[in-house]
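Good morning, colleagues, and thank you for the time on today's agenda. Please have the sequence and the structure in view while I speak.

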Amino acid sequence: MSFGSRLKEARQKKGLTQTQLAKKLNIAGSTVTGYEKDNSEPNMMMINKIIDVLGVDANFLLQDESTAINFDKTATPEEFETLVKKYRYLDRSGQEAVQYTLNHEVERMQAVQACNEQIKRLKERAESAEAKAESVPDTEMYPYPYLRKIACAGTGFLFDDIPTDTIDVPYVHEADFIIGVNGDSMEPTYYDGNLLYVRKTNQLDYGDIGIFIYAGECYVKEYGKQGLISHNPDYPNIPGNEDVRIIGEVIGKVGG
């Protein structure tokens, strides 16, 4: 039985219509309909209200419903109930703080997942091109996977729904894809609009220039001991390396 089915059962046992329950929850009747049809998912604060209004046990309403609210499927009912009890123990300020943190972390993970999917697609295209590269002379033009102005030498660019294409440029050994520079924080090394050859790797030496993902955004920076370094002194560095993901090493500039 799904979350929506349990919600409908609990509402009917309480003798309430969808409209009456919606009024008590201060939401639209269509929202309750969406919950019961499993077309939408209430957040933890709304679940808490539903439990209070219907007078149901949290374990009944939420048992085995980890997917309905984006919890790990391996969480046991006992673990889940413990979390709900702790949440209900908090006052409104505490609940709002928990809700804010949950929303922020979910958005962060969604951005990370989008990055991973895009990188996976990019690697697949690059690996396909790699198989053909051995026989291509250095002087010939070669169709590389191309990310348009996405490596930001500036304030960053969300690595989500990146427009990928192919571009014919002179062949460079070890290059896996081409990425465009967006911004001026790496001047005078690289300028806005430059196209860069990138070699896929997850390891760099200090002093190498690479493509990085940080907080869901894509950057071209120098890899330093204390973080990511901007060459333009008007821009701050990005401190720390713990949350930085290395996508590849910049091995050259198209046409230069």
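First, the basis of what I shall say. This is a predicted model, in which local features need pLDDT of at least 70 and side-chain atom pairs count only at pLDDT 80 or more, while totals for chains, interfaces and linings use all residues. Residues are numbered from 1 along each chain as its sequence is written, and side-chain values use heavy atoms, with hydrogens and water left out.

The protein contains seven helices and ten strands. Helices (H or I, at least four residues) and strands (E, at least two) are taken as DSSP runs and numbered from the N terminus. The protein has 256 residues, of which 42% count as buried. Buried means under 20% relative accessible area, exposed means over 50%, and partly exposed lies in between, with a 1.4 Å probe and protein chains only. As for contacts, meaning heavy atoms within 4.5 Å, we consider those between residues at least 6 apart in sequence: 62% of them join residues at least 24 apart.

Let us turn to helix α1, residues 3-14. Its twelve residues should span 16 Å at 1.5 Å a residue, and the end C-alpha atoms are 17 Å apart, which agrees. The expected span is 1.5 Å times one less than the number of residues. Which residues of α1 are buried? They are F3, G4, R6, L7, A10 and R11. Seen down the axis of α1, these buried residues fall within an arc of 160 degrees, so they line one face of the helix; the arc is that of the directions from the helix axis to the C-beta atoms. F3, in α1, has a relative accessibility of 3% and therefore counts as buried. Just after α1 comes G15, with a positive phi of about 80 degrees.

Y35 brings us to helix α3, residues 29-36, where the buried residues are V32, G34, Y35 and E36. What covers these buried residues includes α1, α2 and α4. Just after α3, D38 takes a positive phi of about 60 degrees.

Next, the packing of helices. Two packed helices are described by the angle between their axes and the distance between the axes. Helix α2 (residues 18-25) and helix α4 (residues 44-54) pack at an angle of about 115 degrees, with axes 10 Å apart. Axes here are lines fitted to C-alpha atoms, for helices over the stretch in contact, and angles run from 0 to 180 degrees between N-to-C directions. From α2, the residues L21, K24 and L25 meet M46, K49, I50, V53 and L54 of α4. By class, this contact has six nonpolar, no polar and two charged residues. In α4, nine of eleven residues are buried, so the helix is mostly covered. Among them are M44, I47, N48 and I51. G55 follows α4 and has a positive phi, near 65 degrees.

I now come to backbone geometry in the loops. Most residues other than glycine have a negative phi, and most peptide bonds are trans. N26, in the loop between α2 and α3, is not a glycine, yet its phi is positive at about 60 degrees. With 71% relative accessibility, N26 counts as exposed. E174 is likewise not a glycine and has a positive phi of about 80 degrees. E174 is located in the loop between β3 (164-170) and β4, and is partly exposed, with a relative accessible area of 45%. The peptide bond from E187 to P188 is cis, with omega near 10 degrees; P188 is in the loop between β4 and β5 (195-200).

Finally, N194 is in the loop between β4 and β5. Is N194 buried or exposed? At 17% relative accessibility, N194 counts as buried. Leaving aside residues up to four places away in sequence, N194 touches I179, G180, V181 and K253. The C-alpha atoms of N194 and K253, 59 residues apart along the chain, are separated by 7.1 Å. V181 belongs to strand β4, residues 177-182, and counts as buried at 0% relative accessibility.

Thank you for your attention.

Notes. Ala, Val, Leu, Ile, Met, Phe, Trp, Tyr, Cys and Pro count as nonpolar, Asp, Glu, Lys and Arg as charged, and the others, Gly among them, as polar.
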